[in-house]
Amino acid sequence: MLSIKKLLFILLMGLTAVGCENDIHEVQNLGKRKMGVEEGTGIVSQFSQGGHIKAILRAPYMLRYQLDTVKIEFPKTLHVEFYDSTPKIDSRLFARYGSYLENENKVLLRDSVIVFNIKGDTLFTNELYWDQAKGTYYTDKPVVISQTNPIRQKLYGTGFSSNQDLTNIKVFKVGFGNGGQTSFLNVPDSSL
């Protein structure tokens, strides 16, 4: 008869042989780099410079991809409030989608992008780039700009650049809007 020691030895050898079996596809996949994705909800992020808050970003959902360059996406809207040097809000930004490349310090905003300042000047577009380092916006897509000061005007155009608080706006091709609307300017009547 087999002794208990021999039986245990045979049983352990059998288990070891079964445990060392590898699937070739699993082994091949071990060498492949897997993309890490971090998720976040209820995002509130403060950007500061020199100890002063410059902006606060809020988003319901965020994805952060660990690639060669870190990429952050806001696929379910984002809202940013920009502050002047006296901690007052000087402009706001809304978009249904945002994508940020960390090493470029640029954000691509898409789908119902709206930017407005405290004076009531408003930009509407479906695609906008935000260069955080320079504090500027730009696009080559159609834009609608509604301004209230010094006179009420609405500009339709294609291509746009501006500083972050919309005080230095340039529209590259002014003309007809997507729906055939033309740009207009209301000039106050000087005869009154």
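**Stop one: a charge over a ring**

Select Lys76 and Tyr61. The charged end of Lys76 lies over the Tyr61 ring, 4.8 Å from the ring centre. Keep in mind throughout that this is a predicted model.

**Stop two: the core**

Next, select Leu78, Leu109, Tyr137 and Phe160. These residues have the most contacts inside the largest nonpolar core, which has 27 residues. Now colour the strands. At least two residues of this core come from each of β2 (52-66), β3 (71-74), β4 (78-83), β5 (89-95), β7 (106-117), β8 (122-131) and β9 (136-147).

Centre on Leu109. What is Leu109 in contact with, leaving aside its neighbours within four places in sequence? The list is Leu78, Leu93, Ala95, Tyr97, Gly98, Asn126, Glu127, Leu128 and Trp130.

**Stop three: aromatic pairs**

Across the whole structure, a search finds three aromatic pairs. Visit two here.

Select Phe94 and Phe116. Their ring centres are 6.0 Å apart and their planes meet at 15°, so this pair is stacked. Phe94 belongs to strand β5 and Phe116 to strand β7, so the pair ties together parts 22 residues apart in sequence. Phe94 is partly exposed, at 31% relative accessible area. Phe116 is also partly exposed, at 25%.

Move on to Tyr129 and Tyr138. This aromatic pair is stacked, with 5.4 Å from centre to centre and 15° between the planes. Tyr129 counts as partly exposed at 30% relative accessibility, and Tyr138 counts as partly exposed at 31%.

How values were computed:
Residues numbered from 1 in each chain as written. Predicted model: local features only at pLDDT ≥ 70, side-chain atom pairs only at ≥ 80, totals over all residues. Heavy atoms only, no water. Core = buried A, V, L, I, M, F, W, Y, C linked by side-chain atoms within 4.5 Å. Buried < 20%, exposed > 50% of the residue type's maximum accessible area, 1.4 Å probe, protein only. Helix = DSSP H or I, 4+ residues; strand = E, 2+ residues; numbered from the N terminus. Contact = heavy atoms within 4.5 Å. Phe/Tyr/Trp six-rings, centres within 6.5 Å; stacked < 30°, edge-to-face > 60°. Lys NZ or Arg CZ within 6 Å of the ring centre and 35° of its normal.
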